[in-house]
Amino acid sequence: MKPTLAVFKFASCDGCQLSILDAEDHIMSIAGAIDIVEFAEATTRREPPPYTVGLVEGSITTPHDALRIREIREQCQILVTIGACATSGGIQALRNAADVDEFAAQVYASPEYLDVLATSTPISDHVRVDYALYGCPVSIDQLVDLVTALLAGRRPYIPEHSVCIECKQRGSTCLLVAPGIPCLGPVTRAGCGAICPAFGRGCYGCFGPSPHPNVAGLLTAWEAAGADRADLAEALRAFTVGAPEFAEAARDL
Amino acid sequence: MTSDTRRIGVEYITRVEGEGWLKVAIRDGKVSECNFGIFEPPRFFEAFMRGRKFTEAPDITARICGICPVAYQVSSVQAMEMVCGVTIDPVVDELRTLIYCGEWIESHTLHMYLLHAPDFLGYESGIALAADHPDEVGRGLRLKQTGNAIVAALGGREIHPVGLRVGGYHRVPTRNELAPLIPRLEQARDDAIQTVDWVATLPMPEANRDDEYVALAADDHYAIHHGRIRSTRGLDIAVEEWNDHFAEEHVERSTALHSHLKERGMYQVGPTARFNLSEELLRPVALEAAHRNGLTAPCTNPFKSIVVRAVETLHAVDLALDILDRYQRPAHPYVPVTPTAGVGHGASEAPRGLLYHRYEIDSEGRVKTAQIVPPTAQNQASIEADLLHLVERNLELSDADLQHLLEQSIRNYDPCISCSAHFLHVEVDRA
């Protein structure tokens, strides 16, 4: 029997799931090797669990979703979180430092209709996660590698270095050192291919913190580029604000 | 059969972006309730945008929707440019049209081939469709890839591209960098023509229901991101007059706000609305393909939206080729923008319809208030009206067939439910 793949969505923009469909060159061959049995965005087919691999997009923001992820964990042999929402809570984790009731009242006329949690949290705060793909959105190459690795029974390759390495590989000029443009690349996990610096703009950290980010060291470089602590703290409080390394560094700045 | 106790429950409506449900109650042969709800968990973008830098709006609001990030980026940068009184270089503006064409191509093609065509042909998914129709689905994937390639060429990646900024682009490509797109778009033009001819042959339920169609419209081109907001019933306003004419309402069943026209109530946005308002302004190759297949304005059968999407895809491919043909790299990718206190409005035609943004910023460039009205929120009332119309005329169908028809009808709108809250739970109750 072919291994089965299920895709689940929580609070998110659907972009990471769409990356699965964007892997056009590979999707048909993947579809031949693995049976996609649950992928609401793409198919009406729904097969009962268990599933070999579960890909989870999105963060936990409602009491119902906090229960649903526990059921899904039970149903999946290997659970993989895909993207910034699932791995760090996403941009919607900006609510975590705010008053969610005030947020709700700001957007909705009748907040009492809503049943939401005060926080947006990553999947790993709720259940055990086997692998995580970072990024807002995830890299298509990493997604294809992940599925092929799991099919081959090897570990997927997930970069542990920072965006700086990808900038060097790409031959881009260092924005922090040369023109003096604030950039989060030195503390951000690689995976995007260092696209922002190639466009002449600083990295905005959408792949989240690289392991052991040196934010204090980065502050020195930002100050030399004319930015201050508040600017750096604000930049860290964005697409992966819920990642502890960024949240704590921003608080301490 | 009308007074039997029958109940159909479908927990999710599939092949839409986001999560939703549908509930239909039938009493004594009459529909007593027909509600389309959205239970996508709210993410409160308009709340957390407050206090952020005005320059962050395009990157942050893009995250509302991974399917149409360019629409969010363009509507937001245009709003900020209005506040700050900035006019961008016309060539840079054309590059915004070009990246928008890429988004129309990839989003429309995704919807037609992978999400919607399977309905008409009785398949569970595009992947299942591909097993029996490999040439058609292969053509769709090739077309979609070309749309993605345009977005990636101008924005670095397909989803949440990073090229756009308030004042223009962070970087604009050289002519040589864009040149590889040209042969791909020439192939795409053939593929798009064949797509129109193919989707026009799909078995089409008759479900004509006249509605008020609202879209951005211009006198001299098929509007994508410039124009006035017009309707088929005489509305003709500047973008900044939005709140004088439209209102949003919060209903219990949905985490998406429902929009309506203050004067007249329900209306719809999307490809059919654009086509009904601007048919004659399509690129000639697209207009010819529409007419060859019997599609003329006004189109009031929502199931034909798939044909309109194909026509618009062809339009976008042809327009992209035209822009590339004329392109000369501008000297400056952007004009510097100094924040000015005030209010700005931005509207553009996301693949699934009109997307309106309004921001108030202070003199430091901090966002004071944000208002974002996505297309699916505007279409909710029309989606419900279509469902009611279909249920009333198809009571004799079995629950399973009725449910299939209703799900297909919802997919006519290519609803992007993530945007609006904001899969569908279908419940037919014939108690």
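**Exercise 1. Two helices of chain B**

Which residues in helix 10 of chain B meet which residues in helix 12 of chain B?

*Solution.* The model is predicted: local features need pLDDT of at least 70, side-chain atom pairs count only at pLDDT 80 or more, and totals for chains, interfaces and linings use all residues. Residues are numbered from 1 along each chain as its sequence is written, and chains are lettered from A and ligands numbered from 1 in the order in which they are written.

Step 1. Helices (H or I, at least four residues) and strands (E, at least two) are DSSP runs, numbered from the N terminus. Two residues are in contact if their C-beta atoms, placed from the backbone, lie within 7 Å.

Step 2. From helix 10 of chain B come Pro271(B), Thr272(B) and Phe275(B); they meet Ser305(B), Val308(B), Arg309(B), Val311(B) and Glu312(B) of helix 12 of chain B. By class, this contact has 4 nonpolar, 2 polar and 2 charged residues. Here Ala, Val, Leu, Ile, Met, Phe, Trp, Tyr, Cys and Pro count as nonpolar, Asp, Glu, Lys and Arg as charged, and the others, Gly among them, as polar.

Step 3. The axes of helix 10 (residues 271–278) and helix 12 (residues 305–326) of chain B come within 9 Å and cross at roughly 70°. Helix 10 of chain B is therefore roughly perpendicular to helix 12 of chain B; the term covers angles of 65 to 115 degrees. Axes are lines fitted to C-alpha atoms, for helices over the stretch in contact, and angles run from 0 to 180 degrees between N-to-C directions.

**Exercise 2. The contact between the chains**

State how many residues each chain gives to the contact, and identify the leading element of chain A.

*Solution.* Step 1. Chain A gives 47 residues and chain B gives 45 residues.

Step 2. On the side of chain A that touches chain B, helix 1 of chain A gives the most, with 6 residues.

Step 3. That side of chain A has 27 nonpolar, 11 polar and 9 charged residues.

**Exercise 3. Domains**

Describe how the domains of each chain meet.

*Solution.* Step 1. Chain B is divided into domain 1 (7–205 + 326–429) and domain 2 (214–302), with bounds from an automatic or database domain assignment. Their C-alpha centres lie 15 Å apart.

Step 2. In chain B, 43 residues of domain 1 are in contact with 30 residues of domain 2. Helix 13 of chain B supplies the largest share of the domain 1 side, 10 residues.

Step 3. Chain A is divided into domain 1 (4–152) and domain 2 (163–252). The centres of these domains of chain A, taken over C-alpha atoms, are separated by 25 Å. The contact takes 16 residues from domain 1 and 13 residues from domain 2 of chain A.

**Exercise 4. Backbone geometry**

Locate the cis peptide bonds and the positive phi angles described below.

*Solution.* Step 1. The peptide bond from Cys136(A) to Pro137(A) is cis, with omega near 5°. Pro137(A) is found in the loop between strand 5 (131–133) and helix 6 (140–152) of chain A.

Step 2. Ala297(B) and Pro298(B) are joined by a cis peptide bond with omega about 0°.

Step 3. Ala194(A), although not a glycine, has a positive phi of about 55°. Ala194(A) is buried, having 25 other C-beta atoms within 10 Å. A residue is buried if 20 or more other C-beta atoms lie within 10 Å of its own, exposed if 12 or fewer, and partly exposed in between; C-beta atoms are placed from the backbone.

Step 4. His160(B), also not a glycine, has a positive phi of about 50°. His160(B) counts as buried, with 26 C-beta neighbours inside 10 Å.

How values were computed
Parallel < 35°, antiparallel > 145°, perpendicular 65-115°, else oblique.
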